[in-house]
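Hello,

Here is the structure we talked about. Please open it and keep it in view while you read my notes below.

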Amino acid sequence: MKHLITFITILFICIGTASAQSPAPIDSSKKAVQQAPETMPEYPRGLQAFMSYIGSNYVFPKEALEAKVSGRMIASFVIEKDGSLVDIKIIRDLGYGTGDELKRILGNTPKWKPGIQKGKPVRVQYTLPVMLSAPKEEPAVEGTGSAGY
């Protein structure tokens with residue numbers, strides 16, 4: 001049996017678009033979202049742990065493997081006051097189920113430490129670029145395989 005050696009290169013650049021403006025007032029039709037709070041949200045155990053989480057949990061969809069899809073996807077999400085991720089959107093999708101898989105992983109992410117503005121937790125918008133490289137099919141010893149980035 002062959003195992004695919006999966007290399008997922010993650011360019012993790014969380015971009016809370018810089019803005020010196022104060023947050024918009026909360027409107028009854030939608031909740032205000034910070035772009036650059038005083039303290040940005042943090043993934044438990046830090047940025048490296050988040051990159052590792054994505055790299056070890058991303059499963060290349062079969063269709064993407066067959067098409068040897070590679071390239072950059074971009075996801076956007078909001079980190080809520082309680083640290084959960086919501087409003088997950090794939091802004092740039094490579095197709096073949098790659099965006100759905102990224103959305104699944106982000107939706108299952110452990111809660112973050114929320115962003116803080118004026119001493120209170122706030123909702124924060126993030127943009128996440130992710131580089132995918134289609135794994136090369138190589139024979140592997142049964143029971144082995146690796147994932148990396």
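**Leucine 106 and its surroundings**

Start with Leu106. Leaving out residues up to four places away in sequence, leucine 106 touches Phe50, Ile54, Ala75, Phe77, Leu85, Ile88 and Leu128. Keep in mind that this is a predicted model.

Now the core. The largest nonpolar core has 25 residues. Which of them touch the most other members? They are Phe50, Phe77, Leu106 and Trp112. Several elements give two or more residues to this core: helix H1 (47–57), E2, E3, H3 and E6. E6 provides the largest share, five residues. As a general rule, nonpolar side chains in soluble globular proteins tend to be buried together.

Next, the sheet. It is open and has three strands, in the order E3-E2-E6. The pairing is antiparallel. Strand E3 (85–92) and strand E6 (124–132) are the edge strands, because each pairs on one side only. On average, neighbouring strands of this sheet are turned by 25° against each other, direction ignored. In general, strands of a sheet pair through backbone hydrogen bonds.

Look at one pair of strands in detail. E2 covers residues 71–79, and nine bridges join E2 to E6. For serine 76, the bridge partner in E6 is threonine 127.

Last, the helix on the sheet. Where does helix H3 lie? Helix H3 spans residues 98–107 and lies across E2, E3 and E6. Helix H3 runs at about 160° to E3.

Best wishes

Notes: Residues numbered from 1 in each chain as written. Predicted model: local features only at pLDDT ≥ 70, side-chain atom pairs only at ≥ 80, totals over all residues. Heavy atoms only, no water. Pairing = 2+ DSSP bridges. Helix = DSSP H or I, 4+ residues; strand = E, 2+ residues; numbered from the N terminus. Axes fitted to C-alpha atoms, helices over the stretch in contact; angles between N-to-C directions. Contact = heavy atoms within 4.5 Å. Core = buried A, V, L, I, M, F, W, Y, C linked by side-chain atoms within 4.5 Å. Buried < 20%, exposed > 50% of the residue type's maximum accessible area, 1.4 Å probe, protein only.
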